[in-house]
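The following note is intended for a colleague who is new to this structure. Please read its points alongside the sequence and the model.

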Amino acid sequence: MSPAQSPLGSTEVEVLRYLGDHPGSSVGDVADHFANTSGQARTTILTVMERLRKKGYLTRKQVGGVYQYRPKAAKHDFLRRMVATFVDQTLGGSVSPFVAYLSDHGSVSAAELAQLKQLVRDLEQARKEGGQ
């Protein structure tokens, strides 16, 4: 199964996000983080990381007798794919419910709002250039 087709659990997503910020981490590094933040056991994290490797999301390389794990894709690419899958599969391709959620919960910072506005401007420009 390719990474784009493999469904992910919430712990798998969290591990990928962590490794996106800390590439080259060992199981011990990741396990320590999750033990401190969510009480996850080392064996659970090892299982999750190996599952992610088998699904094609992680690579590992032995350095000094310890495996270092890295995501195959950059964090922003992985998150974009996750959002695309969510929009396509859960929202039926419509972003309106997502935007409504952001509007209702008011949890968008001024910087994030500026980024969203720029994305809309970029989308409008791309449509003009593409003749859509």
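1. The crossing of H1 and H2 is right-handed, the term for a near helix turned clockwise from the far one by less than a right angle, anticlockwise being left-handed. Helix H1 covers residues 10-21 and helix H2 residues 27-38; their axes come within 11 Å and cross at roughly 120°. Axes are lines fitted to C-alpha atoms over the stretch in contact, with angles from 0 to 180 degrees between N-to-C directions.

2. On the H1 side, Glu14, Val15, Tyr18 and Leu19 meet Asp29, Val30, His33 and Phe34 of H2, contact being heavy atoms within 4.5 Å. Five nonpolar, one polar and two charged residues make up this contact. Ala, Val, Leu, Ile, Met, Phe, Trp, Tyr, Cys and Pro count as nonpolar, Asp, Glu, Lys and Arg as charged, and the others, Gly among them, as polar.

3. The model is predicted: local features need pLDDT of at least 70 and side-chain atom pairs pLDDT 80 or more, while totals for chains, interfaces and linings use all residues. Residues are numbered from 1 along each chain as its sequence is written, and side-chain values use heavy atoms, without hydrogens and water.

4. The chain has six helices and two strands, in the order α-α-α-β-β-α-α-α along the sequence. These are DSSP runs numbered from the N terminus (helices: H or I, at least four residues; strands: E, at least two).

5. The C-alpha atoms fill a box of roughly 55 × 30 × 25 Å along the principal axes. The radius of gyration is 18 Å, whereas a compact globule of 132 residues would have one near 14 Å; the radius is taken over C-alpha atoms, and the globule rule is 2.2 Å times the number of residues to the power 0.38.
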